[in-house]
Amino acid sequence: MKRRTTVISAIAVVALLGGGTATAVAVSGDDGSGSSKSAASQSSVKVKDDDGVSDNQEEANEAKGAKVSAEDAIAAALKHTPGTAVGADLDSDDGRLVWDVDVIGSGDKWQHVEVDPGTGKVLGSHTERDDDGDDSAARVAASLKDASTSAEDAAKAAASKGTVTSVDADDDGSVKVWEVETTSANGTQHDWHVDFKSGAVTVDHTSDDDGDDD
């Protein structure tokens with residue numbers, strides 16, 4: 001799924017004199033929406049220095065560092081921000097791991113929720129602008145309306161293939177499967193499709209990876 005670009009107009013921090021503390025005020029997007037993320041909110045999972053480490057080892061370290069599964073991260077995001085989850089990605093943010101979960105909320109608005117992969121705590125959320133300019137949120141929501149398999153279901157179904165590090169619904173107008181990425185114990189990544197209707201897991205033949213578990 002194409003990542004929407006967050007437009008942040010300002011971040012205001014007010015220092016409370018005398019107490020020596022600082023309070024973060026809401027972060028506003030170009031549409032006037034506010035973010036619930038505090039400047040002090042950060043993931044509890046640090047990313048290890050990747051100097052001298054192979055790409056596979058780096059991927060393995062990140063997958064191992066996520067104590068909270070994709071399925072549970074999505075559930076936490078939906079509890080905080082009701083709607084339809086359409087994607088979840090394990091990403092590095094300023095030296096720390098976060099689950100980035102995309103939710104289509106009320107009014108077909110893209111909502112971005114960050115979840116701590118160590119504790120399952122929601123770190124913050126904000127509304128994202130739909131840069132596609134073609135009501136893609138509404139289109140994806142409509143495509144998922146008759147799906148029997150949710151993003152949580154897809155993550156759970158693919159978990160037997162390895163550690164799920166990404167779950168996404170394609171938003172090209174012909175959504176039929178969830179695209180899921182897993183990382184094996186040695187850091188090798190594999191791509192899978194999870195059928196919207198049956199929940200069947202198959203190899204993603206469009207990727208460069210053949211999807212073998214070995």
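Among contacts in the chain between residues at least 6 apart in sequence, what percentage join residues at least 24 apart? In this predicted model, the share of such contacts that join residues at least 24 apart is 50%. The chain contains four helices and twelve strands, and of its 214 residues 39% are buried.

A pair of aromatic rings is described by the distance of the centres and the angle of the planes. In this chain the count comes to one aromatic pair. The pair is formed by W178 and F196, with 5.2 Å from centre to centre and 50° between the planes, and is classed as tilted. W178 belongs to strand β10 (residues 177-183), whereas F196 lies in the loop between β11 (189-195) and β12 (201-203), so the pair ties together parts that are 18 residues apart in sequence. Both W178 and F196 are buried.

A further position that can be described in some detail is E62, which is placed in helix α1 (residues 55-65). The relative accessibility of E62 is 14%, and E62 therefore counts as buried, since the cut-off for a buried residue is under 20%. When residues up to four places away in sequence are not counted, E62 touches V47, L90, S92 and L97.

Note on methods: Residues numbered from 1 in each chain as written. Predicted model: local features only at pLDDT ≥ 70, side-chain atom pairs only at ≥ 80, totals over all residues. Heavy atoms only, no water. Phe/Tyr/Trp six-rings, centres within 6.5 Å; stacked < 30°, edge-to-face > 60°. Helix = DSSP H or I, 4+ residues; strand = E, 2+ residues; numbered from the N terminus. Buried < 20%, exposed > 50% of the residue type's maximum accessible area, 1.4 Å probe, protein only. Contact = heavy atoms within 4.5 Å.
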